[in-house]
Amino acid sequence: MSHTLTARQALVLMYHGVGRRSARQDPFCLFVPPDTLYRQLRGLLDRGWTPLTLDRYLHGRFPRRSVLVTFDDGYQALLDEGLPVLRKLGFPATAFVLSGVLGGTSAWMAEMPDEPLLDAAGVRALADAGLDVECHGWDHSDLVNAGTGTLARNLVDAPAVLADITGKRARAFAYPYGTHDAAARRAVAEAGFEIAFSVHDAAGRYAVRRVDINATEVDATFRVKTWRGYPTIRRMSGAVPLLRPALHSLIGFAQRS
Ligand SMILES: [Zn+2]
């Protein structure tokens, strides 16, 4: 199918939260400061990248240098600090939210349990602002080796709740932790999703790779990560353990308090 091919040719970036956090508040480096997000997205536009809505990514035509920007988990901070940046640039984006923990916190991370998540009104506000609000499951359960009950809750109940809020059927799924197996991919397809995103491990249209952008990026690492060859470089450096730290020490990390 032709749209599978075009979907694979776009760069897909994975962000999480937007905001300024200390290393202690955000041990997994999930939050990108708003001015950094602005600089990164502005830079893509300046370098001629075309930003995509989910609909155009799935079904439209687009140039080779096209990018789908995604945000996982549905943090309140995405609405408060991320949306103003996206609006200022007119940049479309896709948010993956957790239907079962709306208005809750990031309790699935013992090291960072208290980050507020959007409630239903917040999710609706994102959708009303023009973001594509899609499904990240129910409660951030890992779908690897999941039983039928867990799969149903995350892949059938979760999009049903989301559709009640946004008025739209979710078309895309993002695996919690980026992890998946054949049974999970099959369940995603059977639940009627058109596409699912992983992080590093790709497997057809139900596990499309994304490039993770996190708090430690400096402009140079962001540019490296948006090179077309980056996923290959990353896989190679994974096979050559000394290469990745060497690359990082060469390029640098963003300093955090
Ligand atoms: Zn997540």
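Visitor: What covers the buried residues of α2?

Guide: In this predicted model, the cover includes β2 (17–18), β3, β5, α4 and α8 (219–225).

Visitor: Which residues of α2 are the buried ones?

Guide: They are T36, L37, Q40, L41 and L44. These residues are on the same side of α2, because the arc they cover around the axis is only 125 degrees. On the other side of the helix, D35 and D46 are exposed.

Visitor: How do you know what span is expected for helix α2?

Guide: The expected span is 1.5 Å times one less than the number of residues. Helix α2 (residues 34–46) has 13 residues, and 18 Å is therefore expected. From its first C-alpha to its last, α2 reaches 18 Å, which is close to that expectation. Just after the helix, G48 takes a positive phi of about 90 degrees.

Visitor: Why is F31 called buried?

Guide: A residue is buried if 20 or more other C-beta atoms lie within 10 Å of its own. F31 has 27 such neighbours, and therefore it counts as buried. This residue lies in strand β3 (residues 31–32).

Visitor: What does F31 touch, not counting residues up to four places away in sequence?

Guide: F31 touches H16, G17, V18, G19, R21, D26 and A215. V18 is 13 residues from F31 along the chain, and their C-alpha atoms are separated by 5.0 Å.

Visitor: How do you know that strands β5 and β6 pair?

Guide: Pairing requires at least two bridges between two strands. Strand β5 (residues 66–73) is joined to β6 by 4 bridges, so the two strands pair, and they run parallel. D72 stands opposite F96 in β6.

Visitor: Which strand does β6 pair with over 4 bridges in the parallel sense, with residues 132–135?

Guide: That strand is β7. V97 has C135 in β7 as its bridge partner. The chain passes from β6 through helix α5 (residues 120–128) to β7, in a β-α-β crossover that is right-handed. A right-handed β-α-β unit is also made by β5, α4 and β6.

Visitor: Which way do the residues of strand β6 point?

Guide: In strand β6 (residues 94–97), T94 and F96 point one way, while A95 and V97 point the other way. All four residues named here are buried. In general, side chains in a regular strand alternate between the two faces of the sheet.

Visitor: What puts the buried residues of α5 on the same side of the helix?

Guide: The buried residues are G122, V123 and L126. They are on the same side of α5 because they cover an arc of only 100 degrees around the axis. The face turned away from that side carries the exposed residues A121 and D128. Covering the buried residues are elements including α4, β6, β7 and α6 (148–166). Just after α5, G130 takes a positive phi of about 105 degrees.

Visitor: What is the phi of H140 and of N145?

Guide: H140 has a positive phi of about 65 degrees although it is not a glycine. N145, also not a glycine, has a positive phi of about 60 degrees. Most residues other than glycine have a negative phi.

Visitor: Which residues have the most contacts inside the largest nonpolar core?

Guide: They are A95, V188 and A196, in a core of 67 residues. Helix α4 (residues 76–89) gives the most to this core, with 6 residues. Leaving aside neighbours within four places in sequence, V188 is in contact with L155, F173, F193, A196 and Y206. Nonpolar side chains tend to be buried together in soluble globular proteins.

Visitor: How many helices and strands does the protein chain have?

Guide: The chain has 10 helices and 10 strands. Of its 257 residues, 39% are buried. Among contacts between residues at least 6 apart in sequence, 64% join residues at least 24 apart.

Definitions and conventions
Residues numbered from 1 in each chain as written. Predicted model: local features only at pLDDT ≥ 70, side-chain atom pairs only at ≥ 80, totals over all residues. Core = buried A, V, L, I, M, F, W, Y, C linked by C-beta atoms within 7 Å. Buried ≥ 20, exposed ≤ 12 C-beta atoms within 10 Å, placed from the backbone. Contact = placed C-beta atoms within 7 Å. Right-handed = clockwise from strand over helix to strand, strands pointing away. Arc of directions from axis to C-beta.
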